[in-house]
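Hello,

Here is the structure you asked for, with notes on what a search of it turned up. The sequence and coordinates come first, and the findings follow.

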Amino acid sequence: MKISTSYIFLAATLLLTSCSEEFLDLKPISTATSDNFYRTADDFKNAVNGAYAGLQIGGLTGNSYVFGEITSDNTVAVASGSVTDQDEFDRFYIKTTNPFISGRWNDAYSVIARHNTILDKIGAVTMDETLKNRYIAETKFLRAIVYFTLVQTFGDVPLILKPVATPDEGYTYGRSPRADVYAQIEKDLTEAESVLPVSYAAADLGRATKGAAKAYLGKVYLTQKKYAPAVSKLKEVIDLGVYVLLPSYADVFRVGNKNNKESVFDVQYKSGGAGEGNAWPNSFAPQNSGNAVIAFGGDGNNQPTADMIAAYETGDLRKDVSVASSYTNAAGQVIPERFIKKYYDVPVAKNDNGNNIPLIRYADVLLMYAEALNEVSYQPAGDALDYLNMIRTRAGLAKKTAADIPTQQAFRLAMEQERRVELAFEGHRWFDLVRTDRAIPVINGKKDQIRLVAELTPNNLVFPVPQSQIDINKDKIIQNPGY
């Protein structure tokens, strides 16, 4: 089984990436084994920081737009380069050998290996108990969000909660039912939220907090249609009183304003040539645009659809922050090409930008809370409408009234629209549509626009397991239906 060998090698070598983002400062470790490395509090500081750095990698965050945006009606694939691999997601003819599929699986389990090794070793080390408990809670939080990514992507997945010691042991793991995976995610997050602090000093901004664990737990409940627990948990995030909607939508994404009061949990990046920069601003800028849009040029990935551009209401302040329909080149010509602006920065080298990538913002929490309230009980002029209107007011739009949204189903559609434009290009759209049972009707309803190979069926709501995993362990790893 392929993941077993990745577990052994990762646990044995602990190849932690050097990173210069405050709490992510690491001393590279290239020769330590799991037995002789995990001995001191500083060893675990480096190990936990390395677990955070693992979120940056392609299969988890770096290429997350392929799963969350290109699959949806928000964006289309790049026009050249890896067009075939991304086009498979855009038009839904995804092969079991697609490198984005194997990248997500392999990268996720490599990072989980770090989590499991930390949790296995930390108990025997003498160190400050408060700090030890916090490191355990942070690691459980990180493991939970990686498993959440896996179960949303593949459905049933191997649930591995300890280091894999031998290849033979690796072969014993099959795909656990998604209900079991979700139960473990809930357990990890519940244990984490009871220990994690509400906030940190400046040097540790960006670490997992109590609010982040509560917000993720609320999202996990919502994804499973556990609406009453979702209401309760998301209200706890609100009641913490530490998060606010920034007055300006643009300020949420400004590089100099990272880890602001709207940030619940971000993947941390830092430019400066240390290999910790964010590639998205260059990746999303138009191809052949030179330096007209961003220094060092763009690759044209994740291009917004015309339907996405049209989704913004007239006067929506979020539109100009998030997207553009053209740019002016060095010769003064206006080039009509759609591209994402939301993550703009001035890089020091190509793909070396300083932006964080938000995984959960406070705006997302408020919208999830409103959605869960509506699912528990539709109230024509209740709290759900108030929270929806908080988001619209910040966007410069008129408030919705009970007359505008007269039924529970109408409120669901209003939420779908608001989440689409508020959270555009943040990786939520496809998973939102799947969670609300809207992926098939929405995508099939636009099949001509997005050039579907065939209409979506329930089989398309999860992605294929990498063929390499099935080939290595056919007795335990079975492919998803339809692939």
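**Cavities**

The residues lining the largest cavity divide by class into 12 nonpolar, 9 polar and 5 charged. In this count Ala, Val, Leu, Ile, Met, Phe, Trp, Tyr, Cys and Pro are nonpolar, Asp, Glu, Lys and Arg are charged, and the others, Gly among them, are polar.

This is a predicted model, in which local features need pLDDT of at least 70 and side-chain atom pairs count only at pLDDT 80 or more, while totals for chains, interfaces and linings use all residues. Residues are numbered from 1 along each chain as its sequence is written, and side-chain values use heavy atoms, with hydrogens and water left out.

A cavity here is a set of points, on a 1 Å grid over the protein atoms alone, where a 1.4 Å probe fits but cannot get out; lining residues have an atom within 4 Å of a point. Grid points are joined across faces, edges and corners, and a volume is the space filled by probe spheres set on the points. The whole structure holds 4 cavities of 30 Å³ or more.

The volume of the largest cavity is about 430 Å³. It is lined by 26 residues, of which Thr149, Gln152, Tyr216, Leu359 and Gly427 are the closest to its centre. Helix 8 (129–154) is among the elements that supply at least two residues each, and helix 8 gives the most, with 6 residues. Helices (H or I, at least four residues) and strands (E, at least two) are DSSP runs, numbered from the N terminus.

The second largest cavity has about 140 Å³ of space. Of its 16 lining residues, Val252, Phe253, Asp266, Asn356 and Pro358 are the closest to the centre. Helix 13 (249–253), strand 2 (263–267) and strand 8 each give two or more residues to this lining, which divides into 5 nonpolar, 6 polar and 5 charged residues.

**Salt bridges**

There are 45 salt bridges in the whole structure, each being a side-chain nitrogen of Lys or Arg within 4 Å of a carboxyl oxygen of Asp or Glu.

Arg451 and Asp90 form one of them, at 3.6 Å from N to O. Arg451 is in the loop between helix 21 (439–445) and helix 22 (467–472) and Asp90 is in helix 6 (residues 83–91), so this pair ties together parts 361 residues apart in sequence. Asp90 is buried at 2% relative accessibility, whereas Arg451 is partly exposed at 42%; buried means under 20% relative accessible area, exposed over 50%, and partly exposed in between (1.4 Å probe, protein chains only).

Asp364 and Lys219 form another, at 3.7 Å from N to O. Asp364 belongs to helix 17 (residues 362–376) and Lys219 to helix 11 (residues 210–223), so the parts tied together are 145 residues apart in sequence. Both Asp364 and Lys219 are buried.

In the salt bridge between Lys225 and Asp437, the closest N and O atoms are 3.5 Å apart. Lys225 is partly exposed at 34% relative accessibility, and Asp437 is exposed at 55%.

**Glu416**

Glu416 lies in helix 19 (residues 408–422) and is buried at 18% relative accessibility. Leaving out residues up to four places away in sequence, Glu416 touches Arg429, Leu433, Arg438 and Val442, where contact means heavy atoms within 4.5 Å.

Regards

Methods: On a 1 Å grid over the protein atoms alone, a cavity is a set of points where a 1.4 Å probe fits but cannot get out, and a pocket is an open set with protein on both sides within 12 Å along at least five of seven lines; lining residues have an atom within 4 Å of a point.
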